Amino acid sequence: MWDNFINGFIGQITSQVWALIGSSTYETIYMSFAATLFAIVFGLPLGIWTFLTQPNQALTNPKVNRILEALINVGRSIPFIILLFDLMPITRFLVGTTLGTTASIIPLGVAAMPFFARLTANALGDIPSGLTETAKAMGTTVWQLVTKFYLPEALPMLIKATTLTLVTLIGYSAMAGAVGGGGLGNTAISYGLHRNMPYVLWIATIIIVLIVMICERYGNKLADHFDHR
C-alpha cells in the first residue's frame, strides 16, 4: 500500500509540478490579497455611509439608507460563479482579458465589496451609543466623528472583518480558477481533475487550508492587539 502511494506520489509530483504548485500558490495569495484591498477601498466607504444614514445617526436619511441597504443586499445575494460570468465584459474592458490572476481580481473584489460593507456597517453599529453622544457633544464634524471616534473604536472588528473577507476570497479564488483565473484552483482542476493527478489535487487543497488557517490566526491576533476593551 505504502509502496503504491510513494511510487504514485513521486510519479506525479515532479520538480516541474512543485514549481507549478509554487507559482499557483503565489497567484492565489496575490489574487486574494489584491481583491481584499479592492473590497476595503470601495466597501469601507459604502459601509460607513450606510451606517451614517441609519436612524439617529449623523447623516440620517431613510431614503438613501434604503437604497444603500438594497445595493448591499443584492450584491451579497448574487452567487460568485454567476457574478464571474456577468462581469466578464467589464473585466475584459478594464484588463483586456478575462483570463489570468489579474483579471480575476475584478470579480473577486466586486463580490467582496458588499460583503465587507455589511461587516463595516455592523461593526460601527456595535459601538456604544454613549461614545457617539460624547463625540457629538464635543462639536465634532461628521469627518472627525468617523476618523477620530468610529474607526479607531471599531478597528478590532474591522480587522476581523478584513480577515473574514480575505478567507472568503481565498475560497472564491478557487472557483475563479475553474474558468481560467489561475491559482491553486486552476491547478487542482487542470491537473488534479482533468489529468487524473489526485496528489496534485490534495496538495492544492492542503495549501489552501493552510493559507486560510494562517490568515485567520494572525488576523485574530492583530485584532486582539488593537482591542483595548
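Helices (H or I, at least four residues) and strands (E, at least two) are taken as DSSP runs and numbered from the N terminus. The model is predicted: local features need pLDDT of at least 70, side-chain atom pairs count only at pLDDT 80 or more, and totals for chains, interfaces and linings use all residues. Residues are numbered from 1 along each chain as its sequence is written, and side-chain values use heavy atoms, with hydrogens and water left out.

The chain holds 10 helices and 0 strands. From the N terminus on, its elements run α-α-α-α-α-α-α-α-α-α. Along the principal axes, the C-alpha atoms fill a box of roughly 75 × 40 × 25 Å. Of the 229 residues, 41% count as buried. Buried means under 20% relative accessible area, exposed over 50%, and partly exposed in between (1.4 Å probe, protein chains only). A contact requires heavy atoms within 4.5 Å. Among contacts between residues at least 6 apart in sequence, 74% join residues at least 24 apart.

Leucine 166 is placed in helix H8. This residue counts as buried, at 9% relative accessibility. Not counting residues up to four places away in sequence, leucine 166 touches Ser32, Phe33, Thr36 and Cys215. Glycine 96 is 70 residues from leucine 166 in sequence. In space the two are 25 Å apart, C-alpha to C-alpha.

Threonine 91 lies in helix H5 (residues 88-95). Its relative accessible area is 3%, so threonine 91 is buried.

Helix packing was examined next. Two packed helices are described by the angle between their axes and the distance between the axes. Axes are lines fitted to C-alpha atoms, for helices over the stretch in contact, and angles run from 0 to 180 degrees between N-to-C directions. Angles under 35 degrees count as roughly parallel, over 145 as roughly antiparallel, 65 to 115 as roughly perpendicular and the rest as oblique. A crossing is left-handed if the near helix is turned anticlockwise from the far one by less than a right angle, and right-handed if clockwise.

H2 and H3 pack at about 140°, with their axes 9 Å apart. The two helices are therefore oblique to each other. Their crossing is left-handed. H2 contributes Leu46, Trp49 and Thr50 to the contact. H3 contributes Val64, Asn65, Leu68, Glu69, Leu71 and Ile72. The residues of this contact divide into 6 nonpolar, 2 polar and 1 charged. Here Ala, Val, Leu, Ile, Met, Phe, Trp, Tyr, Cys and Pro count as nonpolar, Asp, Glu, Lys and Arg as charged, and the others, Gly among them, as polar.

H3 also packs with helix H6 (residues 101-125), at an angle of about 130° and with the axes 8 Å apart. H3 and H6 are therefore oblique to each other. H3 passes H6 in a left-handed crossing. Glu69, Ile72, Asn73, Gly75 and Arg76 of H3 meet Pro114, Phe115, Ala117 and Arg118 of H6. This contact divides into 4 nonpolar, 2 polar and 3 charged residues.

The loop between helix H2 (15-52) and helix H3 (62-77) includes asparagine 56. Asparagine 56 has a positive phi of about 70°, although it is not a glycine. The residue counts as exposed, at 68% relative accessibility.

The structure holds 4 aromatic pairs. Rings of Phe, Tyr and Trp (its six-membered ring) pair if their centres lie within 6.5 Å; planes under 30 degrees apart count as stacked, over 60 as edge-to-face and the rest as tilted. One of the pairs joins phenylalanine 38 and phenylalanine 42, is tilted, and has 4.8 Å centre to centre and 45° between the planes. The two residues are 4 apart in helix H2 and so are separated by about one helical turn. Phenylalanine 38 is partly exposed, at 23% relative accessibility. Phenylalanine 42 is partly exposed as well, with a relative accessible area of 46%.

Phenylalanine 51 and tyrosine 150 have ring centres 5.2 Å apart and planes at 90°, so this pair is edge-to-face. Phenylalanine 51 lies in helix H2 and tyrosine 150 in helix H8 (residues 142-177), so the pair ties together parts 99 residues apart in sequence. Phenylalanine 51 is buried, with a relative accessible area of 4%. Tyrosine 150 is buried too, at 1%.
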